[in-house]
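Please keep the sequence and the coordinates at hand.

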Amino acid sequence: MTAIVLGIESSCDETGVGLVRITDGAPELLGQSLASSQDQHARFGGVVPEIASRAHLEAMTATVRAAFADAGVDPRDVDAVAVTCGPGLAGALLVGVAAAKAYAAAWGVPLFGVNHLAGHVAADTLEHGLLPKPTLALLVSGGHTQLLRVDDLAGAIIEVGTTVDDAAGEAYDKVARLLGLGYPGGPIIDRLAARGDPAAVRFPRGLTGPRDAPYDFSFSGLKTAVARHVETLERAGAPIPVADVCASFQEAVADVLTAKTVRAAADLGIGTVVIAGGVAANGRVRVLAEERCAAAGLTLRVPRPGLCTDNGAMIAAMGAHVVVAGRAPSGEFLTGNPGLPVSVVHVP
Ligand code: KG4
Ligand code: ZN
């Protein structure tokens, strides 16, 4: 079987369109295009949903055209359209779903509504091939921080652990905001941290006590600890060592994420770990995960940074897995579901 799948992503502030070809094995990326409204949100310190929705609307057709040009593919070659139908911002999802329905109807091909979180994991299959069954996925994005047992990307994903408060990416964005660094905070802190001392401040590691849930995460105490540290320095009239604070904060995040992931893999007897989502682009998370997985005898897979943050290729890849698995297409009443759980990988 050979099929070409177009994927549309619009759950947050990136309008992404990707084209993949699937044969019997792993999906292959043919081309993609990305438009971002991040600059328009920067002065608010976070995504403004109305601005994001409007930006998706304005960028959609040009981004689709650019993806075709990048892939060297003609719309007549497309066999299926996949679209993020959740989780995400309601208005933003609606733009992608409406566009996907229109393209699928115009080209006379089936439409598949897929889960954004599963899509992040699927992105890795574009680079490293099909996932072994089972695989343990650490999904770290702006809205989610989860440990997932992935038995079948197109069917069975089970949540093993999750954050009880902030997501890892959210902590990056909030800490960047309180340091006055701009949005999105992850890449800025990642860059500054490279020049700082990760041992300068010992920030707390949430939920790592002997009685705490071993696979759950908490980042809100860490965020507060950074805020208190900065306030104390400010009150004393001392300069803020921004690079050291960034490096110490990042060390706390990377330490907890990788320690819990390795422990879960060992406890569950799973030999392969995938890290996916925007925070998987983080330099320190990648290095520490590599060290700890190697020490524990685990195989680690992390997509290249451009495939970690939101993009259309990951949704095309997810669509391809769903098509190959023979799942039913979505009906004409498909709509965006802001709270779609990760266990619902595809919405018929
Ligand atoms: O997966 P993603 O692009 O969108 C969501 O689904 O949320 O993740 C975005 C999040 C943001 O919070 C951003 O600050 C964070 O990922 N992020 C990073 C890095 N690049 C993006 N966090 C840490 N280090 C990075 N290099
Ligand atoms: Zn995402």
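**A helix and an open sheet**

In this predicted model, helix α9 is followed by G297, a residue whose phi is positive, near 75°. The helix itself covers residues 283–296; its 14 residues reach 20 Å from the first C-alpha to the last, close to the 20 Å expected at 1.5 Å a residue.

Which residues of α9 are buried? They are V285, R286, L288, A289 and C293. An α-helix has 3.6 residues a turn, so residues three or four places apart point the same way.

Six strands form an open sheet in the order β3-β2-β1-β4-β5-β11, and their pairing is mixed. Its edge strands, β3 (28–36) and β11 (346–347), each pair on one side only. Within the sheet, β1 (residues 3–9) and β2 (residues 14–22) are antiparallel and pair over 7 bridges; I4 has R21 in β2 as its bridge partner.

Two helices lie across strands of this sheet. Helix α2 (residues 49–71) lies across β1, β2 and β3 and runs at about 150° to β3. Helix α3 (residues 90–107) lies across β1, β4 (80–86) and β5 (111–115), at about 160° to β4.

Key. Residues numbered from 1 in each chain as written. Chains lettered and ligands numbered in written order. Predicted model: local features only at pLDDT ≥ 70, side-chain atom pairs only at ≥ 80, totals over all residues. Heavy atoms only, no water. Helix = DSSP H or I, 4+ residues; strand = E, 2+ residues; numbered from the N terminus. Expected span 1.5 Å × (residues − 1). Buried < 20%, exposed > 50% of the residue type's maximum accessible area, 1.4 Å probe, protein only. Pairing = 2+ DSSP bridges. Contact = heavy atoms within 4.5 Å. Axes fitted to C-alpha atoms, helices over the stretch in contact; angles between N-to-C directions.
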